[in-house]
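Visitor: I have a structure here that I would like to go through with you. Could you take my questions as they come?

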Amino acid sequence: MSRGQGLKVQQSLVWGVGVVVLVLMAYKVRGAFVPFIVAAFIAYVINPLVRMAEARGAPRVAAIFTAYVLVMGGIAFGLAFVLPALAGQFEEIAREAPEQS
């Protein structure tokens with residue numbers, strides 16, 4: 001094996017071990033990732049609304065506040081009205097499923 005190939009093998013091993021250690025560390029602290037994932041999702045959803053409001057001349061703080069109110073209101077609406085209706089439909093499906101078999 002030439003010196004260049006040996007170096008590439010060594011680099012591959014270091015990267016492989018690094019990835020395994022990173023995955024194990026992420027697994028150990030997986031509960032801490034949930035808030036960051038939720039925050040990233042909210043920012044992903046709210047950013048286009050803020051940009052659109054800013055393009056129409058709204059101040060950034062007002063645009064952010066309005067976007068948060070709209071998104072959180074939509075989530076609250078979904079939890080209050082849509083989720084119970086879906087749960088009732090799933091219960092009905094579960095009751096009728098044995099009859100269909």
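Visitor: What is the handedness of the crossing of α2 and α3?
Guide: The crossing of α2 and α3 is right-handed. Please keep in mind that this is a predicted model.

Visitor: At what angle do the axes of helix α2 and α3 cross?
Guide: They cross at roughly 130°, and the two axes come within 9 Å. Helix α2 covers residues 30-55, while helix α3 covers residues 60-100.

Visitor: Why is α2 called oblique to α3?
Guide: The angle is roughly 130°. Angles over 145 degrees count as roughly antiparallel and those from 65 to 115 as roughly perpendicular, so α2 is oblique to α3.

Visitor: Let us turn to charges. How many salt bridges does the count come to?
Guide: The count comes to one salt bridge. The side chains of E54 and R60 form it, at 2.9 Å from N to O.

Visitor: Why can such side chains pair?
Guide: Side chains of opposite charge can pair when their charged atoms come close. For E54 and R60, the N to O distance of 2.9 Å lies within the 4 Å cut-off, so the pair counts as a salt bridge.

Visitor: What is the relative accessible area of E54? And of R60?
Guide: E54 has a value of 30% and is partly exposed. R60 is partly exposed too, at 45%.

Visitor: Lastly, is I37 buried or exposed?
Guide: I37, a residue of helix α2, is exposed, with a relative accessible area of 57%.

Visitor: What separates the C-alpha atoms of I37 and A76?
Guide: A distance of 19 Å separates them, and the two residues are 39 residues apart along the chain.

Technical notes. Residues are numbered from 1 along each chain as its sequence is written. This is a predicted model: local features need pLDDT of at least 70, side-chain atom pairs count only at pLDDT 80 or more; totals for chains, interfaces and linings use all residues. Side-chain values use heavy atoms; hydrogens and water are left out. Helices (H or I, at least four residues) and strands (E, at least two) are DSSP runs, numbered from the N terminus. Axes are lines fitted to C-alpha atoms, for helices over the stretch in contact, and angles run from 0 to 180 degrees between N-to-C directions. Angles under 35 degrees count as roughly parallel, over 145 as roughly antiparallel, 65 to 115 as roughly perpendicular and the rest as oblique. A crossing is left-handed if the near helix is turned anticlockwise from the far one by less than a right angle, and right-handed if clockwise. Buried means under 20% relative accessible area, exposed over 50%, partly exposed in between (1.4 Å probe, protein chains only).
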